[in-house]
Amino acid sequence: MHICDELLCKMFSCPGKNSGIERRYVHLDEELLGAHPDFSDRALPTLDARIDMASAAVPELAASAAARAIAERGRPAADVTHLVFSTYSGRKAPSADLRLASLLGLRPTVSRTILSLNGCSGGGRALQLAKELAENNRGARVLVACSELTLIGFYGPQEGRLDTILGNGVFGDGAGAVIVGADPVDCIERPLFEMAFATQTTIPETENEITTRLMKGGLDFHVSIRVPKLLKSNIERCLIDTFESIGISAEWNDLFWAIHPGGRAILDHVEQLLGLGVEKLAASRRVLREYGNMSGATVLFVLDELRRRRATGEEVAEWGVMMAFGPGITIETMVLHAAGSLKEN
Ligand SMILES: CC(C)(COP(=O)(O)OP(=O)(O)OC[C@H]1O[C@@H](n2cnc3c(N)ncnc32)[C@H](O)[C@@H]1OP(=O)(O)O)[C@@H](O)C(=O)NCCC(=O)NCCSC(=O)/C=C/c1ccc(O)cc1
């Protein structure tokens, strides 16, 4: 798995003490904003300029994360049979997945899929799709890449739009990539996590709580104030149903956790609801602190952080859960089994 690139993105710190965020990386720095002062006003027709900028930068950012994932696996890029790319930032065809395939030198027959409207649940959806592809195509190696740039929907503050301030306060840019396969080749591949079981749930009557809409001035986000509480009321049922489906009864504190850190309040609510020990959401909190909410890419960073914590012995649980949340409200849930534990069994 590899993750994170700092080449394209500039860093800035977040002044909000309550956000749980200390650092974020953004492509749209003062220089670019200086060249496009109209980006601050959502009423101005800036979509063309934003799309041009994102179309170039999104695949490049993805390529640096994906190249590291491929290098870490230790086999040529031509081994990749499928590509699943998630981004809310690219809006052009041929799309960022084709450009990414070309930048990486993937084979011309690579089977590509792009997800572009899944928002913050894009990483979870892409992993679920990769699992299906890997399990149903012998020998498949699926490259999952998520690359998100906030410039497509960045605005200055506006009267009556508190959610814009929320967006400016929590969202950041980043890209993550991971290679998914079934039946790992001994001596060549070192699996990190087995994706044991996955579900997607939609919370009824919440279609207006997280929305995005392409406007002449860019991507217009709306994240309602009710999101953390709605997640709190629905997550436990979702977890119970998921574990019941595979006949495992789980104690929440015996699991490792990769919760999408959409905002500090979301993590607080999940922790409180499930009665989790303070260390249980450490991976999500660290990613939030160091990078902010990078939408679909964020869960890949959290999995990477969990890998680090497992290597240092800070996390020893054998089974775990990944959850990502996006428009719908959609909850992507995946039961994970730590690969190191597989060999011991
Ligand atoms: C860290 C926060 C932002 C602030 O925490 P706080 O400092 O303890 O303060 P409060 O929570 O009390 O909020 C401060 C003020 O902001 C207001 N506020 C608080 N959220 C709001 C609000 N969404 N609106 C509008 N006012 C608000 C809140 O009402 C309050 O107003 P006031 O009482 O008048 O001071 C915290 O509220 C928080 O973590 N909120 C959850 C963030 C959240 O929902 N994240 C999004 C998850 S979903 C997602 O990531 C998907 C993204 C997506 C990406 C791409 C796509 O294409 C599609 C989707």
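In this predicted model, Cys120 is placed in the loop that runs between strand β5 (111-115) and helix α4 (122-136). When its neighbours within four places in sequence are set aside, Cys120 is in contact with Phe171 and His260, with Asn293, Ser295 and Gly296, and with Ala324, Phe325, Gly326 and Pro327.

Helix α7 (residues 264-274) packs with helix α8 (residues 282-291) at an angle of about 170 degrees, the two axes lying 11 Å apart. Since angles over 145 degrees count as roughly antiparallel, α7 is therefore roughly antiparallel to α8. On the side of α7, the contact is made by Arg264, Leu267, Asp268 and Glu271, which meet Ser284, Arg285 and Leu288 of α8. The residues of this contact between α7 and α8 comprise four charged, two nonpolar and one polar.

As regards confidence, the protein has an average pLDDT of 92, and 94% of the residues score at least 70, while for the complex the predictor gives an ipTM of 0.94 and a pTM of 0.93. Over residues 1-12, by contrast, pLDDT stays under 50, although the model has 56 contacts beyond four places in sequence for this stretch. Where pLDDT is low, predicted coordinates should not be read in detail.

Technical notes. Residues are numbered from 1 along each chain as its sequence is written. This is a predicted model: local features need pLDDT of at least 70, side-chain atom pairs count only at pLDDT 80 or more; totals for chains, interfaces and linings use all residues. Side-chain values use heavy atoms; hydrogens and water are left out. Helices (H or I, at least four residues) and strands (E, at least two) are DSSP runs, numbered from the N terminus. Contact means heavy atoms within 4.5 Å. pLDDT is the predictor's confidence in each residue, from 0 to 100. Axes are lines fitted to C-alpha atoms, for helices over the stretch in contact, and angles run from 0 to 180 degrees between N-to-C directions. Angles under 35 degrees count as roughly parallel, over 145 as roughly antiparallel, 65 to 115 as roughly perpendicular and the rest as oblique. Ala, Val, Leu, Ile, Met, Phe, Trp, Tyr, Cys and Pro count as nonpolar, Asp, Glu, Lys and Arg as charged, and the others, Gly among them, as polar.
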